[in-house]
Amino acid sequence: MTLKQYQDRARVTAIYPKAQSIIYPALGLAGEAGEVAEKIKKWIRDGNLDRDAIAKELGDVLWYIAAMATDLDLDLDRIADMNIQKLADREMRGKIRGSGDDR
């Protein structure tokens, strides 16, 4: 499945007020990312990495990313390609490490 196919299929399940588009998935994304962090925190505390639980939470993160991209009329395949190009450019210039948006 391509990211575009996922985005199209996820769109069918995006049931939230259109007046809250962009905002609703942004808040959901923050919440789900927090749940991923909680699973990692429990791994640190308990020493048990629950990969299946993390995979489910990452799936929720992906859904909210797809919903937000759809609300913004953006294509996930294009977003992924842009990100890989940005990373390749940083690597080529020796700037893959470090911080800041404009490395």
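These legends accompany several views of a predicted model.

View 1. From the N terminus on, the order of elements is α-α-α-α. The radius of gyration is 16 Å, well over the 13 Å that the globule rule gives for 103 residues, so the protein is more spread out than a compact globule. Its C-alpha trace spans about 45 × 40 × 25 Å along the principal axes.

**View 2. Model confidence across the protein has a mean pLDDT of 95.** A pLDDT of 70 or more is reached by 99% of the residues. Confidence is highest in H3, at a mean of 98. It is lowest in helix H4 (residues 76-92), at a mean of 95.

**View 3. Helix H2 (residues 23-46) packs against helix H3 (residues 51-71).** The angle between them is about 160°. H2 is therefore roughly antiparallel to H3, the cut-off being over 145 degrees. Their axes lie 9 Å apart. The crossing of H2 and H3 is left-handed.

**View 4. Side by side, H2 and H3 meet through residues of both helices.** From H2 come Tyr 24, Pro 25, Ala 26, Gly 28, Leu 29, Glu 32, Ala 33, Glu 35, Val 36, Lys 39 and Ile 40. H3 supplies Ala 53, Ile 54, Glu 57, Leu 58, Asp 60, Val 61, Tyr 64, Ile 65, Ala 67, Met 68 and Asp 71. By type, the residues of this contact divide into 15 nonpolar, 1 polar and 6 charged.

Terms used: Residues are numbered from 1 along each chain as its sequence is written. This is a predicted model: local features need pLDDT of at least 70, side-chain atom pairs count only at pLDDT 80 or more; totals for chains, interfaces and linings use all residues. Side-chain values use heavy atoms; hydrogens and water are left out. Axes are lines fitted to C-alpha atoms, for helices over the stretch in contact, and angles run from 0 to 180 degrees between N-to-C directions. Helices (H or I, at least four residues) and strands (E, at least two) are DSSP runs, numbered from the N terminus. Angles under 35 degrees count as roughly parallel, over 145 as roughly antiparallel, 65 to 115 as roughly perpendicular and the rest as oblique. A crossing is left-handed if the near helix is turned anticlockwise from the far one by less than a right angle, and right-handed if clockwise. Contact means heavy atoms within 4.5 Å. Ala, Val, Leu, Ile, Met, Phe, Trp, Tyr, Cys and Pro count as nonpolar, Asp, Glu, Lys and Arg as charged, and the others, Gly among them, as polar. pLDDT is the predictor's confidence in each residue, from 0 to 100. The radius of gyration is taken over C-alpha atoms; the globule rule is 2.2 Å times the number of residues to the power 0.38.
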